[in-house]
Amino acid sequence: MLTSINITGLETYGYHGLFAEERTLGQKFTFDISATLREVRTHRGDNLDSSVRYDAVVDEAVQIAASGKFRTLEALGETIAVGLLRRFVIMESVTVAVAKSSPPIAHAIEQVGVQVGLRRADLALDQGDCPDASGSSQTFSAPTSVAADARAVRLGDTSTAQGSECR
């Protein structure tokens, strides 16, 4: 049986954005999280062995979002996706949508956002060679924690952040 969980409309306040003002003043962010769980025969046993606690998923996502100041919504979403897959082994894939309600754009816009999807199999790409823009290869090594990912992105060191893996 295939099962997915959905968390919609999780709102937090964070200090993410391309501009220094966004990272200083902060703004509201909205997250939608959808995860496909490992296949099980049935849910009739009515226990958590074949599911995940929604409150734990929410708490983990909020903690990861607060762990750093991200310049891009893509890096924030991917870091949350990686963290959820690492924390909850029952998750086979996760999609994280991140939106901000007050983008610094000179036009009337309700929200801007991204959606990032990641499969558990993608986490196996912890080391390897990635071609850079010139076509030559650079070696990267993935950090061992989501907090390290957040620090790397926050400090602008994309060579060690999970977001720098080959695409």
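Analyst: Two strands pair if DSSP finds at least two bridges between them. Helices (H or I, at least four residues) and strands (E, at least two) are DSSP runs, numbered from the N terminus. This is a predicted model, where local features need pLDDT of at least 70 and side-chain atom pairs count only at pLDDT 80 or more, while totals for chains, interfaces and linings use all residues. Residues are numbered from 1 along each chain as its sequence is written, and side-chain values use heavy atoms, with hydrogens and water left out.

User: OK. Which residue in E2 does Tyr13 stand opposite?
Analyst: Tyr13 faces Lys28 in E2. The strands involved are E1 (residues 4-14) and E2 (residues 27-37), which pair in the antiparallel sense over 9 bridges.

User: And how many bridges join E2 to E3?
Analyst: There are 9 bridges there, and E3 (residues 91-100) runs antiparallel to E2. Across that pairing, Thr30 stands opposite Ala99 and Phe31 stands opposite Val98.

User: What's the strand order in the open sheet?
Analyst: E1-E2-E3-E4, 4 strands with antiparallel pairing. E1 and E4 are the edge strands, each pairing on one side only. The twist averages 15° from one strand to the next; axes are lines fitted to C-alpha atoms, for helices over the stretch in contact, and angles run from 0 to 180 degrees between N-to-C directions.

User: Which strands does H2 touch?
Analyst: H2 packs on the sheet against E1, E2 and E3, and its direction makes about 35° with that of E1. H3 also packs on the sheet, touching E2, E3 and E4, at about 150° to the direction of E3. Contact means heavy atoms within 4.5 Å.

User: Which residues have the most contacts inside the largest nonpolar core?
Analyst: Phe31, Val57, Ile80, Leu84, Met91, Val94 and Val96, in a core of 33 residues. A nonpolar core is a set of buried Ala, Val, Leu, Ile, Met, Phe, Trp, Tyr and Cys residues joined through side-chain atoms within 4.5 Å. Buried means under 20% relative accessible area, exposed over 50%, partly exposed in between (1.4 Å probe, protein chains only). Two or more residues come from each of E1, E2, H2 (54-65), H3 (73-87), E3 and E4 (112-119). H3 gives the most, with 8 residues.

User: What is Val96 in contact with?
Analyst: Leaving aside neighbours within four places in sequence, Val96 is in contact with Phe31, Asp32, Gly77, Ile80, Ala81, Leu84, Val114, Gln115 and Val116.

User: Switching topic: where is Gly117, and is Gly117 buried or exposed?
Analyst: Gly117 is in strand E4, and it counts as exposed because its relative accessible area is 52%. Not counting residues up to four places away in sequence, Gly117 touches Val94 and Thr95.

User: Is Tyr13 buried or exposed?
Analyst: Tyr13 is exposed, at 52% relative accessibility, whereas Tyr15 is partly exposed at 34%.

User: Last one: how many helices and strands does the chain have?
Analyst: 4 helices and 6 strands. Of its 167 residues, 42% count as buried.
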